[in-house]
Amino acid sequence: MRPGSGRRALGRLLQARQGAPYLFPLLLVLLVLGAGWWLRDLTPRLAGAVADPETRVRAALSRQRSLHLSDVYGFKAGGTLELAPVRFGDLAITVENERAQVVAMVEGDGVIEWRRGRIKVGYIGREKFSMTPCDLGGWCADGRQLAELRRVLPLLFRRIDAFNARDAAGYGRLVGEGYRGPGGKAAVLAQLARDFGPGPGGTLTVTAWQLRIEAGRVVVGEDERVRVGDGPEVALRARLELKEEGGRWVIVDGLM
């Protein structure tokens with residue numbers, strides 16, 4: 001070994017050992033930053049997991065942004081409703097045995113896709129549904145958040161079908177015995193017989209519904225287009241009122 005070669009080798013070893021410690025702190029910083037991002041996303045869920053059940057239910061509803069209904073036409077004939085965005089307000093929550101009973105004003109805007117096209121929908125209504133605990137402290141609904149709306153929509157579709165089929169009897173079954181317009185239900189039936197009698201038929205196309213459901217009452221604003229025979233299409237707006245009779249919704253105002 002030449003004189004001084006040992007000292008040079010030792011110097012190189014010391015330099016390498018002096019530089020290596022910089023790599024470990026850098027790696028540690030990267031790990032801490034990664035853990036911080038992960039914890040940032042996880043913290044709200046961890047906090048929710050230890051909150052009381054009502055707080056967790058409210059938090060779950062505040063995060064929900066959309067609602068979906070299938071088979072809105074009824075009779076397993078299809079049609080889907082997508083509401084987005086959706087909001088839950090005026091909440092009343094009762095929790096018992098890991099099940100929350102919720103009453104809420106549900107409000108949203110969306111569209112129905114069905115076999116004859118698209119219908120825009122604006123909705124506000126009081127709905128009742130239940131929620132149960134699900135993943136990591138969250139709460140999930142039972143799929144009945146639009147149960148009342150689901151009961152109303154088939155009636156509105158049956159009205160379109162009866163009009164376009166010139167089915168006075170079918171249309172008449174949608175009219176309540178307590179119809180409040182002039183002449184009551186009898187006057188509506190007489191008008192239907194005239195409208196669906198001899199002469200060119202009409203076609204009803206609905207482009208939008210604005211629905212409000214309250215206790216035992218529904219108000220429907222309907223944007224529609226009507227064509228008689230080969231005539232021009234006319235844009236109209238109807239305001240229908242529905243009430244429950246015998247456990248089903250019927251039309252009690254707005255047809256004449």
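Which residue lies over the face of Tyr73, and at what distance from the ring centre? Arg158 does, at 4.3 Å. The term applies if NZ of Lys or CZ of Arg is within 6 Å of the ring centre and within 35 degrees of the ring normal.

1. Basis. This is a predicted model, in which local features need pLDDT of at least 70, side-chain atom pairs count only at pLDDT 80 or more, and totals for chains, interfaces and linings use all residues. Residues are numbered from 1 along each chain as its sequence is written, and side-chain values use heavy atoms, with hydrogens and water left out.

2. Overall fold. The protein chain has six helices and nine strands. These are DSSP runs numbered from the N terminus (helices: H or I, at least four residues; strands: E, at least two). The chain has 256 residues, and 36% of them count as buried. Buried means under 20% relative accessible area, exposed over 50%, and partly exposed in between (1.4 Å probe, protein chains only). Take contacts between residues at least 6 apart in sequence: 53% join residues at least 24 apart. Contact means heavy atoms within 4.5 Å.

3. Aromatic pairs. There are seven in the structure. One of them joins Phe88 and Phe129, edge-to-face, at 6.1 Å centre to centre and 65 degrees between the planes. Phe88 sits in strand 2 (residues 80-96) and Phe129 in strand 4 (residues 117-133), so the pair ties together parts 41 residues apart in sequence. Phe88 is buried at 14% relative accessible area. Phe129 is buried too, at 3%. For the terms: rings of Phe, Tyr and Trp (its six-membered ring) pair if their centres lie within 6.5 Å; planes under 30 degrees apart count as stacked, over 60 as edge-to-face and the rest as tilted.

4. Phe157 and Trp209. This pair is also edge-to-face, with 5.3 Å between centres and 80 degrees between planes. Phe157 belongs to helix 4 (residues 147-164) and Trp209 to strand 6 (residues 202-214), so distant parts of the chain, 52 residues apart, are linked. Phe157 has a relative accessible area of 0% and is buried. Trp209 is buried, with a value of 0%.

5. Largest pocket. Its space is about 370 Å³. Lining it are 17 residues, and the closest to its centre are Arg159, Phe163, Tyr171, Asp195 and Leu255. By class, the lining has eleven nonpolar, two polar and four charged residues. Here Ala, Val, Leu, Ile, Met, Phe, Trp, Tyr, Cys and Pro count as nonpolar, Asp, Glu, Lys and Arg as charged, and the others, Gly among them, as polar. Helix 6 (184-195) gives the largest share, four residues. Helix 4, strand 7 (217-228) and strand 8 (234-245) each supply at least two. A pocket is an open set of points on a 1 Å grid where a 1.4 Å probe fits, with protein on both sides within 12 Å along at least five of seven lines; lining residues have an atom within 4 Å of a point.

6. Ala187. This residue lies in helix 6. Beyond its neighbours within four places in sequence, Ala187 contacts Pro182 and Met256. Ala187 and Met256 are 69 residues apart in sequence, and 8.9 Å apart C-alpha to C-alpha.

7. Glu224. Strand 7 holds Glu224, which is buried at 9% relative accessible area. Leaving aside neighbours within four places in sequence, its contacts include Arg159, Leu204, Val234 and Ala238.

Technical notes
Points joined across faces, edges and corners; volume = space filled by probe spheres on them.
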